[in-house]
Amino acid sequence: GHRREEKDSINPPSAMTMSFKAFQVELDTKHDKYERLVKLSRDITIESKRVIFLLHRITSAPNGEEILMESETKLDLVRQKIKQVAQELMGEDMYQFHRAISPGLQEYVEAVSFQYFIKTRSLVSIEEINRQLIFSEEDKDEEAKPSSDCHNKQHNTSSLKVTPVDYLLGVADLTGELMRMCINSVGNGDIDTPFELSQFLRQIYDGFSYIGNTGPYEVSKKLYTLKQSLAKVENACYTLKVRGSEIPKHMLADVFSSKTEIIDHEDGLS
Amino acid sequence: GHRREEKDSINPPSAMTMSFKAFQVELDTKHDKYERLVKLSRDITIESKRVIFLLHRITSAPNGEEILMESETKLDLVRQKIKQVAQELMGEDMYQFHRAISPGLQEYVEAVSFQYFIKTRSLVSIEEINRQLIFSEEDKDEEAKPSSDCHNKQHNTSSLKVTPVDYLLGVADLTGELMRMCINSVGNGDIDTPFELSQFLRQIYDGFSYIGNTGPYEVSKKLYTLKQSLAKVENACYTLKVRGSEIPKHMLADVFSSKTEIIDHEDGLS
Amino acid sequence: MSVSEMFIALQGVLTADQDIREEIRKVVQTLEQTAREILTVLQGVHQGSGFQDIPKKCQKAREHFGTVRTQLASLKNKFPADQYYRFNEHWRFVLQRLVFLAAFVVYLETETLVTREAATEILGIESEREKGFHLDIEDYLSGVLTLASELARLAVNSVTAGDYARPLRISAFINELDSGFRLLNLKNDSLRKRYDGLKYDVKKIEEVVYDLSIRGLNKDSIANAGGEK
Amino acid sequence: MSVSEMFIALQGVLTADQDIREEIRKVVQTLEQTAREILTVLQGVHQGSGFQDIPKKCQKAREHFGTVRTQLASLKNKFPADQYYRFNEHWRFVLQRLVFLAAFVVYLETETLVTREAATEILGIESEREKGFHLDIEDYLSGVLTLASELARLAVNSVTAGDYARPLRISAFINELDSGFRLLNLKNDSLRKRYDGLKYDVKKIEEVVYDLSIRGLNKDSIANAGGEK
Amino acid sequence: MSVSEMFIALQGVLTADQDIREEIRKVVQTLEQTAREILTVLQGVHQGSGFQDIPKKCQKAREHFGTVRTQLASLKNKFPADQYYRFNEHWRFVLQRLVFLAAFVVYLETETLVTREAATEILGIESEREKGFHLDIEDYLSGVLTLASELARLAVNSVTAGDYARPLRISAFINELDSGFRLLNLKNDSLRKRYDGLKYDVKKIEEVVYDLSIRGLNKDSIANAGGEK
Amino acid sequence: MSVSEMFIALQGVLTADQDIREEIRKVVQTLEQTAREILTVLQGVHQGSGFQDIPKKCQKAREHFGTVRTQLASLKNKFPADQYYRFNEHWRFVLQRLVFLAAFVVYLETETLVTREAATEILGIESEREKGFHLDIEDYLSGVLTLASELARLAVNSVTAGDYARPLRISAFINELDSGFRLLNLKNDSLRKRYDGLKYDVKKIEEVVYDLSIRGLNKDSIANAGGEK
Amino acid sequence: MSVSEMFIALQGVLTADQDIREEIRKVVQTLEQTAREILTVLQGVHQGSGFQDIPKKCQKAREHFGTVRTQLASLKNKFPADQYYRFNEHWRFVLQRLVFLAAFVVYLETETLVTREAATEILGIESEREKGFHLDIEDYLSGVLTLASELARLAVNSVTAGDYARPLRISAFINELDSGFRLLNLKNDSLRKRYDGLKYDVKKIEEVVYDLSIRGLNKDSIANAGGEK
Amino acid sequence: MSVSEMFIALQGVLTADQDIREEIRKVVQTLEQTAREILTVLQGVHQGSGFQDIPKKCQKAREHFGTVRTQLASLKNKFPADQYYRFNEHWRFVLQRLVFLAAFVVYLETETLVTREAATEILGIESEREKGFHLDIEDYLSGVLTLASELARLAVNSVTAGDYARPLRISAFINELDSGFRLLNLKNDSLRKRYDGLKYDVKKIEEVVYDLSIRGLNKDSIANAGGEK
Ligand SMILES: [Mn+2]
Ligand SMILES: [Mn+2]
């Protein structure tokens, strides 16, 4: 939008005009960068969401390892996008463009922490997440930034830091996914996972109540949903316990194996 | 997101699984297309807004023709984007993706009708707008749709129709720009344009009041802003008239030419 | 063309649009009425006595679907064929409901999932968008999710009615359905919200199966289950 | 590290953040106080008697800017240098105000537009982001727009005070400024809204000039205008 | 008549109107108080010991309804009969509540659905709109839906109290109610939304019956249920 | 009577009610169309050229009011007379609009405030609540407030069209109206909020009169104003 | 004490509280009525003929303030003295309005700013918080800001009425007021927002003075202005 | 006294006021921190393992309440005693929270409802408004309603932890609380809305008791429950 530098005036432009032309370039450049970041953020969000859907397939599929590997590959692709963000932000104050990229980063935290929980049954730390967002330049990707004005940077590494607030918001959303995983587990006859999840969710809930309203408004706003997710998980555990009370503990294995039989038997029919 | 067709199950997948795999592909394809359209719409919005800013430079610049030509070039570029939208929508029901592209199209209507008003002092019709959105395939652009799965279409023409509601919303926003143009004119000592604008705006306002609430909610919602813009323009004309009452009409030319002198005189100082 | 003529023309378009919507609304109301009648027929299966004459109920529902086909045929004539998505908000809800009812009938008859093609045949509409008034994939899936809830309820009532085999078959069916849905990447829309409910249906059925298992009520049922079908 | 330890650490970060903000708020309050004092000094120019001693008022304002520089120096020590945009909501408003005041002083002294660099010098901050606490372009432009409003008011009051030359000079200045701003492509943000106000200032001044013209009050003023400067 | 005289006359009318509303509000407050007292009486049935003396509780509630009739008689004198709909927002909520309470009493006494006519008799108002202060269908239905929720709760608490027959009877009753509602073509208003809640009550009661069935606790109850009714 | 029979009867009533509403909505739509046409006619007075043929415009508007009367006559037959307040949400808005249009015509013709009685005559409805389809005070006042805004706009455009006398007369009229409203004790409702806008209209018109006065443009106008009235 | 006894006791307290609020609301309504009457008296000054008999109008307003004092005396007896802030939301608005009216009377009489103490004397309340029913600074300032708007309007209408000296005096007064407010460090609350409006009043008055100046209408006025004061 | 002197005096008062608020805010922040710490301690009871050491947790919470008392003592010194309601928006929320925490501790210790007096003792404040920094009824009730929700959750988690007796005792407690609240005549405010949530807690707990009853898990518990209490 700025290629009519010389032609629109016969008189030499005044100093004021000159500086406003410079301002025009500065503002346009900034807005263009902001827009590119918004688009990258949208891509990151969409791809992260797909990773989460993929991970939910584990409970039903016998091939958990395979899915985990696939999710890792997909997360690597997301990180390639984040790398593009990092390159855009090289030399910038990232907070200037934070609103553009924050939604994507939060969703990435949600996806990555979900995968981490499945793998390790624990909460990934913000440090660990940020460690994965240090990029070396050796694996130079060609298709990146087709629309940008490609200022060839020759740095060795670029990096991006998820902010504590983005991390917290991502973790808050994670609890929704954990709740889904819990109910899925019950439906699939897995009675251990729900109790593990309820322990874990309670810890996160306690953590968030400890933070309370000292964080920003967006964090406090998620507390209600978090509390509801916790209640759903606690209720699921309650039901498991109550119904488990009707038979002696040692019969349980038998019960579930017979159920599996039934399903296998029926599977051929449809 | 859909390349694990065969590997996740040893048994042959059931018919139900097969159809859900097809659903997955169908949904992902649709969502991807939607997302590409959202991005195109954002580009169209941004570029249309810049055309509007460009056109506002006419009142101050002596080179109106030049700016009009430049705006035409820029609008052609916007139309290239719209052509990409049209290609995405070829063979589709455009209303399925309307929410993705509507904001961009409205802004385009605003820009194009603003340019048209400046050129012809009249309102561009929706038919005229749509005529410009019939694209032949001869000028094949290479850089289009880098991320799409490039299904090479060999049609002769593609086209897109702005809906009546998009047109109305674009025209409603146009009135805001016309109001700005009016106040600018007064500030630049142009006393004819404001009266022309007030006539024109009144016609559009009368048109919108005639439509009233028979249109969708978004249209009625803009009536208030439209009324305010009209009031600003009518007030500007009122002021011109009232202050003009203090001197005989034949003196006016003299008054303004002397003012122009002053400005020229001062221009060299800063 | 003057500005005022242009606006008169535009208002004409808007009025025509509203007339179309009015017409659509009327047909949709009759569809809702028919859908409610089919539902009343099929609801009978939840009552104790209802388990004997499922075939008869399905038969009766099938007759109502004749009416549905006529009404949908009328609906598709109310607007230009290539503007399906311009107006589909009006019939979306009832169409999802009809898909559910068709899926319920098919399930009761054959204990299989109605395919999208089969559903469109029952409703007398197209299966592909290009061909005309069709069944949107989201609407099909939404109807199927309603079926899942209904089956969870049926599993509960089957036990009350003393049919211990049916819950087991429902369980197998719903588990497969659940696996299918997990393959999808949904947006954060109403379908996603409805899909979130599926896991509670699965859970509910699992609980019924569990209740039967610990009482040994599933043992002979398995044999029966195979036999009955 | 346990979940609970992680959250304790996070709360530590959040608390530290809030402490920083609290510190910033305090300094910003002192800045607002100083800005209000400078404003009071400069407001004097609008009153009849105020036109004589503009230089003295500027002088006095310049002294206050010494305080501003100290306060801004203190502000920039309150947070990490590379997190300017994390906290700038706190000082944005007052910074724009200070830019306006600096621009007003410079205008009164030399009837020119303060450059971004000159403004940063008066405020004792950096002109480029890389170098530290700087002046954001939007904040600079916003301050300049406030100047335009103030000059429109000054044009009106100049006439009241019998100074007929000043409005003409203001008119030339503001017209150039307006041309400058038209070169910018603004987003739909607060700057855009403030910029929309500029055309009313231009209009107001044009009306003053018109009033002078039809009464022939601009004639000798032109000569004076050149001379005075 | 001058403008000012005209407005004085208008103010007279406005004041009269405000006085009426004030009067209505006061009576409605006493109605709410009585309604709360009836509720407290009837809530007793949910408690373990409450099942024995249901008749006594109903008796006591019936006495309170005498007060209700007096209060409603007073209410209808507060405004012209043909302006019922002008003011009914004030008493709508409490009227629906009173219908619920009447329906609850009638259910506890006879395990039948109170008819609209019977409800109006208990409340001492008209059953037909033409005759004066009456009960709108929507308000009647709203009260009935509240009854459904209450019965779902009663089914749960019956089991706790060891009464295994009652849930089965409630189930039959609620199913009939559900069929009845399915005959209605409700608009998308608050009543429709409340009706959507009915299916949860139905499901809840079915699950209670299921719980009894799978444990064989419904066996003798069925005989009893038939006998008791 | 069984529950199902009861609900069938209820549905009959509900359907009748919905039919009434549907009928009302249709008539209201035609009323809105006519109102918009009257508005289009009257808005012509704001055009510079529109000041000559005000009588002709009023004439034309009066003809449209014939249509309005027919439509309102049709409206009042759509429902029982004593259920005015049951349905009045449907026509309230358009009625206020029509009052404004009637008040505007009357003002343009005679420069007086239409009384409530006169407004009802123009609309062909009753002036007293007891007699049937009437005009509520709140709706009358709401229409009058819209007139005030329109007159503020008219004052501005009169000047533009070179008619300097009209604003003075409008000013006197609006001051009288303002005094009138100050006699009312309005509740904190939408009318109160609209009334708060009146003071802006008063101020706007005062400023127009000021602009004329300071330029001596009100001199002969005053004589004219007196004479014309 | 049982839970039920405890709640009965609590209800007693709640009822007492509601009764107090009801009483307060009633007195506040009478205050609003009186305030409206005073306003009507004072509004007269804006009309052409109103400039002659300002003293008479002030006199009449002063009489109404007698009623205000009685009503405020009644208000302060409605609640315990130390719970002023518990209930002050009820009278805040009308109190600010009364301060404005008092300030307007005082200005019209002496062209000075009513002090907080003087305002409290006119209203018959305490000037210090400790002594009882008092006037909060914020409420005082809020009333003063309303005065500023009223004076901007008065400046405009003075010119219309041919009084060219008054706007100059108003201008001096409002400038002093503006300087005063600039000494305050207001929070971001409603008062701050209202204060932001002051600059528009200042500007408006400056423009009136400008209009007089450029037409030479301020010449003799200045002398007069000095003399009259 | 000049205007400027007057405003300087006013600013003095405003500054004092702002300082008080600043001080209050700081203390309230420490109170919130302590409240959060108590919450963290008490939330431990929901953990499976947490049921053993309830006394120890209560003990620890009691210690924290020592800190609370110190902080509240500090808070009440920050402002004049009779201006409680001027500032209470600052601490209202945390006070309600603290009441809940006190009520929770008391419940865990003795399974009784903390009285308002007892709550004030734990918090070290006055029970009567006249005596100084006190606890408003509304704030007390709000805290009690939070307890009800917490107990519903505790009933669920008790069962998960294998404690089948506790839910029965909670049920009795919550029923008593519900009856208590029904004695109150709450306004349509936030407390009323929160009270509407109580019925969900009641229902939830009834369902827990039901689940235990139908499985016979309440048998020995009842004996225990009686014994333990
Ligand atoms: Mn998520
Ligand atoms: Mn625009």
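Reader: What pattern does chain C follow, read along the sequence?
Author: In this predicted model, chain C reads α-α-α-α-α-α-α-α-α along the sequence. That corresponds to nine helices and zero strands.

Reader: What box do the C-alpha atoms of chain C fill?
Author: Taken along the principal axes, the C-alpha atoms of chain C fill a box of roughly 85 × 35 × 25 Å.

Reader: And how many residues of chain C are buried, as a percentage?
Author: Chain C has 229 residues, and 59% of them are buried.

Reader: What share of the contacts in chain C with a separation of 6 or more comes from residues 24 or more positions apart?
Author: Such residue pairs account for 78% of those contacts in chain C.

Reader: How many positive and negative side chains does chain C have?
Author: Chain C carries 31 positive and 33 negative side chains. The centres of these two sets lie 3 Å apart.

Reader: Now the metal: which residues are the protein donors of the manganese ion (ligand 2)?
Author: The protein donors are Glu110(B) and Glu177(B), each through OE, at 2.0 to 2.3 Å from the manganese ion.

Reader: Where in chain B do these two sit?
Author: Glu110(B) belongs to helix α3 (residues 98-120) and Glu177(B) to helix α5 (residues 164-187). The pair links distant parts of the chain, 67 residues apart.

Reader: Is Glu110(B) buried or exposed? And what about Glu177(B), buried or exposed?
Author: Glu110(B) is buried, with a relative accessible area of 4%. Glu177(B) is buried as well, at 6%.

Note on methods:
Residues numbered from 1 in each chain as written. Chains lettered and ligands numbered in written order. Predicted model: local features only at pLDDT ≥ 70, side-chain atom pairs only at ≥ 80, totals over all residues. Heavy atoms only, no water. Donors = N, O, S within 2.8 Å, 3.2 Å for Na, K, Ca; no water. Helix = DSSP H or I, 4+ residues; strand = E, 2+ residues; numbered from the N terminus. Buried < 20%, exposed > 50% of the residue type's maximum accessible area, 1.4 Å probe, protein only. Contact = heavy atoms within 4.5 Å. Lys, Arg positive; Asp, Glu negative; His and termini not counted. Charge placed at Lys NZ, Arg CZ, Asp CG, Glu CD.
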